[in-house]
Amino acid sequence: MRKPYVILVGSASGIGKSTISAELAKTLNIKHLIESDFIRAVVRGIIGKEYAPALHSSSYDAYKNLRNKNRYSSYDELVSAGFDEHASYVIPGLEKIIQRAITDYDDIIIEGVHLVPGLINTEQFEDYANIYFFILSSDEESHKERFVKRAVQIHRGGKQLDFFKENRIIHDHLLTQAKANDVNIINSESIEQTLDKILSIINKSCTTIKLTNSVDELEDVINIIINENHGSLEKITYTIKGFKEPLMRNINVNDSASAKKFIDNINNDANKKEYLTELYKLSEYRQTTICASNQEKLDKIVKELNDKGYVLNE
């Protein structure tokens, strides 16, 4: 039998993980979608407040129940430590659910703030399931807008809105942990774009083509791949005349923010642009690996690039 899918979607409150997870379950036809908050509620019923005060707090104010608060050098460290303490009580239950899904060969999606990279042990399941772990991120302005909207929707406007700063600290802590543990970070944009980025990793429809665009045309190439079709630009290989070994660069540009940053770094730095122009002159083409959420979208990207005359057809 094939390995079941175990998909974990974590983020701070107000990033959009519940919406994205529901759409992901619908797209992949996965019937088991579990929120970590439900597991927390069960664990709270088993472990009393006197034994685990951090568990009986919210994730964003659990730090208030930590002992020896003076050992933390900053407020950010204190909030992050309280959050980790809070999540650590929920994670064993989540791991038991994953184990049960694997035993039953069931696909499952788990979403929630308690999915902390480095705390939840996914390695123990890798031989038995297809594990995909995502942490959603957002810029502060977009996060605050969603955070306020969500607080109003679930009628927690008063108290929860006072803790946006702490939720932002949790957001940054999750990103730091994701980077340290090689967990996928997905910048949450529109539902469609975010879903496509996740699916492009799960389905991993990729191809390598030979591009002949100029440096000035690079922005249009990026726009076709990233902004219009929600694909990703993963690797570029330069075959340079006179050199036996090609020059390879892993760039992993997969959202509009990283695409803009990539282009701005070239356009706003004359030395970088000159260097890239010379590199283009030395190579007849660039072998470029691009990926999309499915084969149909990947074919559409290649067609659009080909129609613009950017692809070398031998």
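**Cross-links, a helix and a surface patch**

Biologist: Before we start, what kind of model is this?
Modeller: This is a predicted model.

Biologist: OK. How many disulfides does the structure hold?
Modeller: It holds 1 disulfide. C206 and C291 form it, with their sulfur atoms 1.9 Å apart. The pair links distant parts of the chain: C206 is in strand β6 (residues 205-211) and C291 is in strand β9 (residues 283-292), 85 residues apart.

Biologist: And which hand does the link of C206 and C291 have?
Modeller: The link is right-handed, with 105° about the S-S bond.

Biologist: Is C291 buried or exposed?
Modeller: C291 counts as buried because its relative accessibility is 0%. C206 has a relative accessible area of 31%, so C206 is partly exposed.

Biologist: Salt bridges next. How many are there?
Modeller: The structure holds 13 salt bridges. One of them joins K297 and E192, whose closest N and O atoms are 4.0 Å apart. That pair links distant parts of the chain, with K297 in helix α12 (residues 295-307) and E192 in helix α8 (residues 191-202), 105 residues apart.

Biologist: Which residues are in a network with E192?
Modeller: D196 and K297 are linked with E192 in a network of salt bridges. K297 is partly exposed at 22% relative accessibility, and E192 is partly exposed at 49%.

Biologist: What does K204 pair with?
Modeller: K204 forms a salt bridge with E234, the closest N and O atoms being 2.9 Å apart. K204 sits in the loop between α8 and β6, and E234 in strand β7 (residues 232-240), 30 residues apart.

Biologist: And K273?
Modeller: K273 forms a salt bridge with D216, at 3.3 Å between the closest N and O atoms. K273 lies in helix α11 (residues 270-282) and D216 in the loop between β6 and α9 (218-228), so the pair ties together parts 57 residues apart in sequence. D216 is exposed, with a relative accessible area of 61%, while K273 is partly exposed at 27%.

Biologist: Switching to helix α3. What covers its buried residues?
Modeller: The cover includes α2 (36-46), α4 (91-103) and α7 (164-180). Among the buried residues of α3 are L78, F83, D84 and H86.

Biologist: Last one. Which residues form a nonpolar patch on the surface?
Modeller: V148, V152 and L161 do, with about 210 Å² of accessible area together. L161 lies in helix α6 (residues 157-161) and counts as partly exposed at 31% relative accessibility.

Notes:
Residues are numbered from 1 along each chain as its sequence is written. This is a predicted model: local features need pLDDT of at least 70, side-chain atom pairs count only at pLDDT 80 or more; totals for chains, interfaces and linings use all residues. Side-chain values use heavy atoms; hydrogens and water are left out. A disulfide is a pair of cysteine sulfur atoms within 2.5 Å. Helices (H or I, at least four residues) and strands (E, at least two) are DSSP runs, numbered from the N terminus. Buried means under 20% relative accessible area, exposed over 50%, partly exposed in between (1.4 Å probe, protein chains only). Contact means heavy atoms within 4.5 Å. Patches are made of residues with over 30% relative accessible area and no salt bridge: like charges are joined within 9 Å, nonpolar side chains (Val, Leu, Ile, Met, Phe, Trp, Tyr) within 5 Å. Accessible areas come from the Shrake-Rupley method with a 1.4 Å probe; for residues, only the protein chains shown count as cover. A salt bridge is a side-chain nitrogen of Lys or Arg within 4 Å of a carboxyl oxygen of Asp or Glu.
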